[in-house]
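Biologist: I would like to learn how to read the features of a model like this one. Please take them one at a time.

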Amino acid sequence: MQSNAGRTCNHGVGGSCKHLAMLKSLWRSREKLIITSVAGLLIVIGWLLGRLGLNSVLSNSLMIVAAVVAGYRIAMSAFHALRFRILGINALVTLAAAGAIIVGEYWEAAVVTFLFSLGSYLEARTLDKTRDALRKLMEMAPQVAHVRKGEEEVDVPAEEVRRGDLVIVRPGEKIPVDGKVVKGRATVNQAAITGESMPAEKAVGDSVFSGTINEAGYLEIETEKSGEDTTFARLIELVEEAQQEKARSQQALENFARYYTPGIIVVSVLTYLVTKNPITALTLLVIACPGALVIATPVSIVAGIGNAARQGVLIKGGEHLEKVGQIQVVVLDKTGTLTRGRPQVTGLWVKRGTETEMLLKTAAVEKLSEHPLAKSVVERAAGKGRIPEAADFQVLPGYGVMAMVAGKKVCVGNRKLMQEQGIVIDSEVEERMASEENTGCTAIIVAENREILGVIFIADVPREDALNLVSRLKRTGVEKVVMLTGDNERTASAIAHRLGIDEFRAEMLPEEKVAVIKSLREKGRIVAMVGDGINDAPAMATADVGIAMGAAGTDVAMETADLVLMSDRLVKLPYAIGLSRRTLRNIKQNVTLAVLVVLVLLVGVIGEAVVLASGMLVHEASVLLVILNAMRLLKYREI
């Protein structure tokens, strides 16, 4: 056989062709839809033939074929489950359909299997939709890296890039590795990792992540992680694990179904023995199928996790999603969680000269220092003018730094440095320093030739989204917000007061944070610990729910936490708690609806007010309602 394109088409003789491959692909991707559609079409044709009185034999035959088409997969699933001694809902449906055919109720047999198949298809559609976030992530996985080899540029598979390799990324390309920018500047879309819609500016020294996109600019990146070790690959792995994990309520319902189904079969047999009416016994058997009850929890859990993933919140499974919804106390680390974790200049007070003169002279000395506070001064001086050169640089640990700038000795440090250098701190300077230090700032005195020029105030300032965090958490139902920090009492008090924190503990070591968490749990509270790094990991592991901030680069946080805020934004915390509470309510609504429907139908059957067809219709309608109710979670947004 010759195809139109002139190629040999040899399917049917043991070979294959693209047409057959396309049909196989279509079948694999649309199997449930095709089966349901064919069964539905056969039912419609059979029903029309019967209604018009054209051919009752053909009508009944079409109904039986429809029942076989729609029920084959159900029967096979029941058979496989029985091999493991599980008598589940598929066995109940198979028995019901077979019984209906035996007693000549072909229409009921076809409808039972068709509706069950339709419910299965819609459930699969819901699950597919909630997995879109994962699919999109996997599609974004970079395949090729441009690696600089001496003067040449070589394309290699992304997973074969080695640590230390220099990778070139041009505009529009995906970044194939985790690493640091060593050359260039670019605007990078990090939505795949952080969920942030706004692109981030990246320059020399900044970290970048695999799977993000260089929207504009040129980057040369020194590789730190590649292949399966990248943040992007770990994210995909964690999402997959999360979607496979079952919630405790889901497991409980599945266990319930294992006992429920045999029980219903026994009751149905007893009903037949008492009434001698096979139709009543059959009807009882069919409508007692707990289909809506079994899917009540999983569809809600998967919809909730899918919504969270699209918002940059990674929840590691249904059990954790349920636990987040029960949180009563939120405990937060300060540095890096409530604050930026990077000191910055918050104010200047000048006693002599101008702010610019003092800043430039201070920066001239501090640019030679490796102290964490020095960088913030140099950054603040950038753009103020040319930073002069400094000579004879000296570091006095615990005191400060000194150097000669333009022939004058400039001292930058604390009170002890000034005293050591014989520089007098008058009451005006002392008063000003004390005022700012009470707000949590660190004061750095700048002096030139034994005369104080002024004071620079530096602080680790709260994140913008931390300012109204407490009120937003309270709106979700959180009863208490606690801050734990290794920082001093004065700084902790200032931050806690500014953010409206209910309670704070200062100067805490990691083991002391664990003790606080344990104490809260012993009082019967459901506690969440929010942290950003290694020192918070023990407390996060001790809490009922560990929540990691800024996981894009913090391996320990991703491993320890039950919930990861990929975007490094606190605003996602009340969102996640709100979503979890909404998911719990959604599960309760689904379970209540499913139980009520089954109870009402059972009473109707016993009272002979419900027949097989109407019972099945109501039963399957309840399945659809449960699925539709769960799908509402996909649209959840924080109020």
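The dialogue below goes through salt bridges, a helix, a surface patch and a contact.

Biologist: What kind of model is this, and how are residues numbered?

Modeller: This is a predicted model, in which local features need pLDDT of at least 70 and side-chain atom pairs count only at pLDDT 80 or more, while totals for chains, interfaces and linings use all residues. Residues are numbered from 1 along each chain as its sequence is written, and side-chain values use heavy atoms, with hydrogens and water left out.

Biologist: How many salt bridges does the structure hold?

Modeller: A salt bridge is a side-chain nitrogen of Lys or Arg within 4 Å of a carboxyl oxygen of Asp or Glu. The structure holds 17 of them. In one of these, the side chains of Arg148 and Glu220 meet at 2.9 Å, N to O. Arg148 is in strand E1 (residues 144–149) and Glu220 in strand E7 (residues 213–225), so the pair links distant parts of the chain, 72 residues apart. Helices (H or I, at least four residues) and strands (E, at least two) are DSSP runs, numbered from the N terminus.

Biologist: Is Glu220 buried or exposed?

Modeller: Buried means under 20% relative accessible area, exposed over 50%, and partly exposed in between (1.4 Å probe, protein chains only). Glu220 has 6% relative accessibility and therefore counts as buried.

Biologist: Which residue forms a salt bridge with Lys474?

Modeller: That residue is Asp502, with the closest N and O atoms 3.1 Å apart. Lys474 lies in helix H17 (residues 469–475) and Asp502 in the loop between helix H18 (489–499) and strand E17 (503–505), so the pair ties together parts 28 residues apart in sequence. Both count as partly exposed, Lys474 at 33% relative accessibility and Asp502 at 39%. Salt bridges can also share partners: Arg352, Lys361, Glu448 and Glu451 are joined in this way into one network.

Biologist: Now a helix. What span should helix H3 have?

Modeller: The expected span is 1.5 Å times one less than the number of residues. Helix H3 (residues 89–102) has 14 residues and should span 20 Å; its end C-alpha atoms are 20 Å apart, which agrees.

Biologist: Which residues of H3 are buried?

Modeller: An α-helix has 3.6 residues a turn, so residues three or four places apart point the same way. The buried residues of H3 are Ile89, Ala91, Leu92, Val93, Ala96, Ala97, Gly99 and Ala100. After H3 comes Gly104, which has a positive phi near 85°.

Biologist: Which residues form the nonpolar patch on the surface?

Modeller: Patches are made of residues with over 30% relative accessible area and no salt bridge; like charges are joined within 9 Å, and nonpolar side chains (Val, Leu, Ile, Met, Phe, Trp, Tyr) within 5 Å. Here the members are Val44, Trp47, Leu48, Leu52, Leu54 and Trp107, together with about 610 Å² of accessible area. Accessible areas come from the Shrake-Rupley method with a 1.4 Å probe; for residues, only the protein chains shown count as cover. Helix H1 (residues 18–52) gives the largest share of the patch, 4 residues. Val44 is in helix H1 and counts as partly exposed because its relative accessibility is 43%.

Biologist: Last, contacts. What does Ala233 touch?

Modeller: Contact means heavy atoms within 4.5 Å. Not counting residues up to four places away in sequence, Ala233 touches Gly227 and Glu228. Ala233 is in helix H7 (residues 231–244).
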